[in-house]
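These are my notebook entries on a single protein chain. I set down what I looked up, one topic at a time.

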Amino acid sequence: MEYYKRKLPHWQISGAEYFVTFRLAGSLPVQVVKDLQQMRKRHHQAISENPDNKKELQKKLESKFFKKYEDLLDNSSTGPRWLQKPEIAEIIKESIHFRDKRKYDLYAYCIMSNHVHIVFRHLQKDHEENIEHTLPPVTRILKNLKSYSALQANKALDRNGAFWHSESYDHLIRNNSELENMIRYTIYNPVKAKLVKRWQDWEHTYCKAEFLGDF
């Protein structure tokens with residue numbers, strides 16, 4: 001297991017399953033993000049001062065924190081929405097599928113107007129091939145995926161500058177129930193955002209065939 005920390009904590013185990021979210025640069029106002037981080041910090045401090053049910057309280061806090069973060073993205077009235085352009089969404093799709101069976105086993109993804117959700121199992125062979133790499137496995141995959149897709153998207157948009165926000169959210173999936181919940185959350189994001197009535201109607205959603213029967 002590798003522990004990697006920038007602004008957000010990342011537990012990354014080679015060969016494990018993950019739910020990941022990454023967003024466009026500037027998709028949320030800086031002050032809104034700071035306020036959210038301060039809220040999270042205050043709650044963590046309160047939990048640390050009361051050790052009873054600490055693990056369960058922390059889990060609930062992270063769930064609440066992510067839901068708030070997701071709601072802000074879905075309802076944001078500011079920032080770029082380049083991913084809603086079909087040609088840009090296709091670049092992101094190609095980048096995600098290209099790494100399937102190379103870096104990870106792709107389970108599901110959803111491309112929204114300003115962020116992306118993806119669920120996958122990291123392939124052990126990727127870790128073995130990159131054993132001396134200084135970055136943890138998921139961080140390394142996302143850095144490569146985001147770097148390539150940003151370059152191609154900026155070319156298509158005829159622009160320069162940051163395309164993706166530097167931070168990504170990655171969550172280690174611990175059991176089958178959680179895996180099902182994460183896939184469901186991913187593919188139903190457009191439904192939750194009231195963009196379509198059925199998740200299958202969102203053009204930029206993918207779910208691996210073996211999971212389709214569950215949804």
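**Entry 1: His117.** I began with a side chain, and I found that the side chain of His117 makes a polar contact with the side chain of Thr21, at 2.7 Å. By polar contact I mean a pair of N or O atoms within 3.5 Å; within protein, one must be able to donate a hydrogen and the other to accept it, and residues adjacent in sequence count only if both atoms are side-chain atoms. I note that this is a predicted model, in which local features need pLDDT of at least 70 and side-chain atom pairs count only at pLDDT 80 or more, while totals for chains, interfaces and linings use all residues. Residues are numbered from 1 along each chain as its sequence is written, and side-chain values use heavy atoms, with hydrogens and water left out.

I placed His117 in strand E5. Helices (H or I, at least four residues) and strands (E, at least two) are DSSP runs, numbered from the N terminus. Is His117 buried or exposed? His117 counts as buried because its relative accessibility is 0%; buried means under 20% relative accessible area, exposed over 50%, and partly exposed in between (1.4 Å probe, protein chains only).

I then listed contacts, meaning heavy atoms within 4.5 Å. Leaving aside neighbours within four places in sequence, His117 is in contact with residues including Phe19, Val20, Phe66, Glu70, Tyr185 and Asn189. I also looked up Tyr169, which is 52 residues from His117 along the chain; their C-alpha atoms are separated by 9.4 Å.

**Entry 2: the chain.** I counted seven helices and seven strands. From the N terminus on, the elements run β-β-β-α-α-α-β-β-α-α-β-α-α-β. Of the 215 residues in the chain, 48% are buried.

**Entry 3: the sheet.** I traced an open sheet of five strands in the order E6-E3-E5-E4-E7, with antiparallel pairing. Two strands pair if DSSP finds at least two bridges between them. Strand E6 (164–173) and strand E7 (205–207) stand at the edges with a single partner strand each, so one side of each is left without a neighbour in the sheet. From one strand to the next the twist averages 20°. For such angles, axes are lines fitted to C-alpha atoms, for helices over the stretch in contact, and angles run from 0 to 180 degrees between N-to-C directions.

I next examined strand E4 (residues 104–111), which is joined by seven bridges to the antiparallel strand E5 (residues 115–122). A hairpin of three residues links E4 to E5. Three bridges join E4 to E7, and these two strands also run antiparallel. What stands opposite Tyr109 in E5? I found Ile118 there, and in E7 the residue opposite Tyr109 is Tyr206. E4 is mostly covered, as eight of its eight residues are buried.

**Entry 4: helices on the sheet.** Helix H5 (residues 137–157) lies across strand E3 (17–24), E4, E5 and E6, and runs at about 145° to E6. Helix H6 (residues 176–187) packs on the sheet and touches E3, E4, E5, E6 and E7; its direction makes about 40° with that of E4.

Within H5 I looked up Ser149. Ser149 has a relative accessible area of 0% and is therefore buried. Not counting residues up to four places away in sequence, Ser149 touches Ile91, Ile92, Ser95 and Trp164.

**Entry 5: helix H6.** I checked the length of H6: at 1.5 Å a residue, its twelve residues should span 16 Å, and its end C-alpha atoms are 17 Å apart, which agrees. The expected span is 1.5 Å times one less than the number of residues.

Which residues of H6 are buried? They are Glu178, Leu179, Met182, Ile183, Thr186 and Ile187. These residues cover an arc of only 160° around the axis, which puts them on the same side of H6; the arc is that of the directions from the helix axis to the C-beta atoms. The buried residues of H6 pack against E3, E4, E5, E6, helix H7 (189–192) and E7.

Entry 6: Asp214 counts as partly exposed because its relative accessibility is 45%. The C-alpha atoms of Asp214 and Ile183 are separated by 9.8 Å, and the two residues are 31 residues apart along the chain.
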